[in-house]
Amino acid sequence: MDHLGEHPEYWKQIGNLQWQLRRRMLASYEKNAVAFESIQAKLNNLRSTLEKASDSSVEKLLIDQILTGWMDVSVTGSKLAALSEGNHSQSSGTYWDRRYHTAHARLLRSIEMLARVRKLGLPSVQINVAEKQINVAQA
């Protein structure tokens with residue numbers, strides 16, 4: 001475990017489960033380099049549009065959720081559209097339609113929560129547990 005302290009870039013990326021989830025969703029596009037790079041560029045653009053230098057840890061977590069939610073809605077919408085082009089069972093169509101609307105609702109909730117947190121302008125909160133400092137929000 002000492003190597004994680006020496007290389008924080010490892011745990012910051014590998015331990016970021018939102019990033020891992022987006023990476024899994026992107027995996028189906030790896031064979032198409034242009035699509036793969038374009039989706040990554042779009043995610044980076046969304047992040048830079050949403051992020052502010054003064055963002056708290058909570059805001060950063062919500063931005064990660066928004067990026068994952070956008071990716072989920074986009075991939076699910078693509079699958080639903082592809083399904084609509086061919087023959088499919090009613091249960092399959094119902095599943096993907098429900099899946100799309102659930103993902104969309106989750107994305108909207110994340111966006112709404114980010115807006116609420118920013119509107120509240122929460123002050124910095126610091127918790128010390130067993131001599132470890134945890135910053136919950138930063139001004």
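Student: So what volume does the largest pocket have?
Tutor: Keep in mind that this is a predicted model. In it, the largest pocket has a volume of about 370 Å³.

Student: OK, and which residues line the largest pocket?
Tutor: The lining is made of Trp11, Lys12, Asn16, Arg47, Glu51, Ser57, Lys60, Leu61 and Asp64. Sorted by class, that lining has 5 charged, 2 polar and 2 nonpolar residues.

Student: Which element gives the most to that lining?
Tutor: That's α5, with 4 residues. At least two lining residues come from each of α2 (8-14) and α5 (57-85).

Student: What about the second largest pocket, what's its volume?
Tutor: About 170 Å³. Around the second largest pocket you'll find Trp19, Arg22, Arg23, Leu26, Gln40, Leu43, Asn44, Arg47 and Leu67.

Student: Then how do α3 and α5 cross?
Tutor: Their axes come within 9 Å, and the crossing angle is roughly 20°. That is why α3 counts as roughly parallel to α5. The crossing of this pair is left-handed.

Student: Which residues make that contact?
Tutor: From α3 it's Gln18, Leu21, Arg22, Met25 and Leu26, while α5 brings Asp64, Gln65, Leu67, Thr68, Met71, Asp72 and Val75. By class, the contact of α3 with α5 has 6 nonpolar, 3 polar and 3 charged residues.

Student: Now α4 and α5. At what angle do they pack?
Tutor: At about 145°, and the axes of α4 and α5 are 10 Å apart. The crossing of α4 and α5 is right-handed.

Student: Who's touching whom there?
Tutor: On the α4 side there are Ile39, Lys42, Leu43, Leu46, Arg47 and Leu50, and on the α5 side Ile63, Asp64, Ile66, Leu67, Trp70 and Met71. The contact of α4 with α5 counts 9 nonpolar and 3 charged residues, with no polar ones.

Student: Last pair: are α3 and α4 roughly parallel or roughly antiparallel?
Tutor: The axes of α3 and α4 cross at roughly 150° and come within 11 Å. So α3 and α4 are roughly antiparallel to each other. As for handedness, α3 passes α4 in a right-handed crossing.

Student: And which residues meet between α3 and α4?
Tutor: Arg22, Arg23 and Leu26 of α3 meet Phe36, Ile39, Gln40, Leu43 and Arg47 of α4. By class, the contact of α3 with α4 has 4 nonpolar, 3 charged and 1 polar.

Methods
Residues are numbered from 1 along each chain as its sequence is written. This is a predicted model: local features need pLDDT of at least 70, side-chain atom pairs count only at pLDDT 80 or more; totals for chains, interfaces and linings use all residues. Side-chain values use heavy atoms; hydrogens and water are left out. On a 1 Å grid over the protein atoms alone, a cavity is a set of points where a 1.4 Å probe fits but cannot get out, and a pocket is an open set with protein on both sides within 12 Å along at least five of seven lines; lining residues have an atom within 4 Å of a point. Grid points are joined across faces, edges and corners, and a volume is the space filled by probe spheres set on the points. Ala, Val, Leu, Ile, Met, Phe, Trp, Tyr, Cys and Pro count as nonpolar, Asp, Glu, Lys and Arg as charged, and the others, Gly among them, as polar. Axes are lines fitted to C-alpha atoms, for helices over the stretch in contact, and angles run from 0 to 180 degrees between N-to-C directions. Angles under 35 degrees count as roughly parallel, over 145 as roughly antiparallel, 65 to 115 as roughly perpendicular and the rest as oblique. A crossing is left-handed if the near helix is turned anticlockwise from the far one by less than a right angle, and right-handed if clockwise. Contact means heavy atoms within 4.5 Å.
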